[in-house]
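Dear colleague,

Please find below the structure that I am handing over to you.

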Amino acid sequence: MTMLIPYAGLEPVSWKNGGGSTTEIAVFPPDAGFEDFDWRVSLATIANDGPFSAFPGVERTLVLVDGHGMTLDIDGAPTLLSKAEPVAAFDGEARVDAKLNRGPSTDFNVMTRTDRCWHRFGRRQLDGDSTFVARADVTVLFLAEGDSLELCSDDQRINLVRFDAVVLDPDTSWKLRAEQGAIFIVDIHYYDDENDLEDEDGAYE
């Protein structure tokens, strides 16, 4: 069932080390904890330099939303997360230390448990009307930039403001209406469908 997730109704949770906070956007199964989710999508504010928590058996994608980004030391290899290069993908059990570039950073985070499912991340710039087809077992759209976005199907109309998200049913088609902005697209696939996707490139630009 298609579900709108208004950001205004979500509550941030502070990290134990005080280095930032996390706002959970969506998780499956519902109410799953860090040890038993299949997948999780969240928005985090990183306020101080420091290490990331380890998530063995989890694949992660981190995307810069606001701020000047950071340098991630991933198992000893530096990776710059910036407006020019806003996406980093890494193994959840890697040793990761973050050093902020200039002030706090707000980041979109996707995690999938590798023995159950995997994800593909994409971005799309919005400028007027366009179309979108949900082609995964689970598709999450997140309005990363722009004041508003309207999604229309044959029988539904959904309105989003910035940082709202929507979980779409598979095999549904939508018209997207926005003056300007950008969406993040998270496609989550369970392993029994892997053979159907061998030739897909996962690009959404």
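Throughout this message, a residue is called buried when its relative accessible area is under 20%, exposed when over 50%, and partly exposed in between, using a 1.4 Å probe and protein chains only. Helices (H or I, at least four residues) and strands (E, at least two) are DSSP runs, numbered from the N terminus. This is a predicted model, in which local features need pLDDT of at least 70 and side-chain atom pairs count only at pLDDT 80 or more, while totals for chains, interfaces and linings use all residues. Residues are numbered from 1 along each chain as its sequence is written, and side-chain values use heavy atoms, with hydrogens and water left out.

The sheets

Two strands are taken to pair if DSSP finds at least two bridges between them. An open sheet of 6 strands, paired antiparallel, runs in the order S2-S3-S4-S11-S6-S9. S2 and strand S9 (87-91) are its edge strands, each pairing on one side only.

Within this sheet, S4 is joined to S3 by 8 bridges in the antiparallel sense, and Glu24 has Ser42 in S4 as its bridge partner. S4 also pairs with S11, again antiparallel and over 8 bridges. Here Ala44 stands opposite Asp107 in S11, and Trp39 stands opposite Thr112 in S11. S4 is mostly covered, with 7 of its 8 residues buried.

A further open sheet has 4 strands in the order S5-S10-S7-S8, with antiparallel pairing. Strand S5 (50-51) and strand S8 (77-81) stand at its edges, each with a single partner strand, so one side of each is left without a neighbour in the sheet. Strand S7 (residues 70-74) is joined to strand S10 (residues 96-100) by 5 bridges, in antiparallel fashion; Ile74 has Val96 in S10 as its bridge partner.

The nonpolar cores

A nonpolar core is a set of buried Ala, Val, Leu, Ile, Met, Phe, Trp, Tyr and Cys residues joined through side-chain atoms within 4.5 Å. The largest such core has 23 residues, and those with the most contacts inside it are Ile25, Trp39, Phe108, Phe142 and Phe184. The elements that each supply at least two residues of this core include strand S3 (20-28), strand S4 (39-46), strand S11 (105-113) and strand S17 (173-190). S13 gives the most to this core, with 4 residues. Apart from it lies another core, of 16 residues, among them Leu141, Ile158, Trp174 and Ala178.

Contact is used here for heavy atoms within 4.5 Å. Leaving aside neighbours within four places in sequence, Ile25 is in contact with Ile5, Leu10, Val41, Ser42, Leu43, Phe108, Phe142 and Ala165.

Thr2 lies in the segment before strand S1 (3-5) and counts as buried at 10% relative accessibility. With neighbours within four places in sequence again left aside, the contacts of Thr2 are Gln156, Ile158, Val166, Val167, Leu168, Asp169 and Trp174.

The largest pocket

On a 1 Å grid over the protein atoms alone, a pocket is an open set of points where a 1.4 Å probe fits, with protein on both sides within 12 Å along at least five of seven lines; lining residues have an atom within 4 Å of a point. Grid points are joined across faces, edges and corners, and a volume is the space filled by probe spheres set on the points. The largest pocket has a volume of about 580 Å³. Its lining comprises 23 residues, of which Trp15, Thr22, Phe34, Ser53 and Phe55 lie nearest its centre. Strand S2 (13-14), S3, S4, S6 and S11 are the elements that give two or more residues to this lining, and S4 gives the most, with 4 residues.

Backbone details and cysteines

In the loop between S3 and S4 one finds Pro29, which a cis peptide bond joins to Phe28, with omega about -5 degrees. Asp31 is placed in the loop between S3 and S4 as well; its phi is near 70 degrees, a positive value in a residue other than glycine, and Asp31 is exposed, with a relative accessible area of 77%. Asp75, in the loop between S7 and S8, also has a positive phi, near 50 degrees, and is exposed at 51% relative accessible area.

With a disulfide defined as a pair of cysteine sulfur atoms within 2.5 Å, the count comes to 0 disulfides. Cys117 is buried, with a relative accessible area of 1%, and Cys152 counts as buried at 10%.

With kind regards
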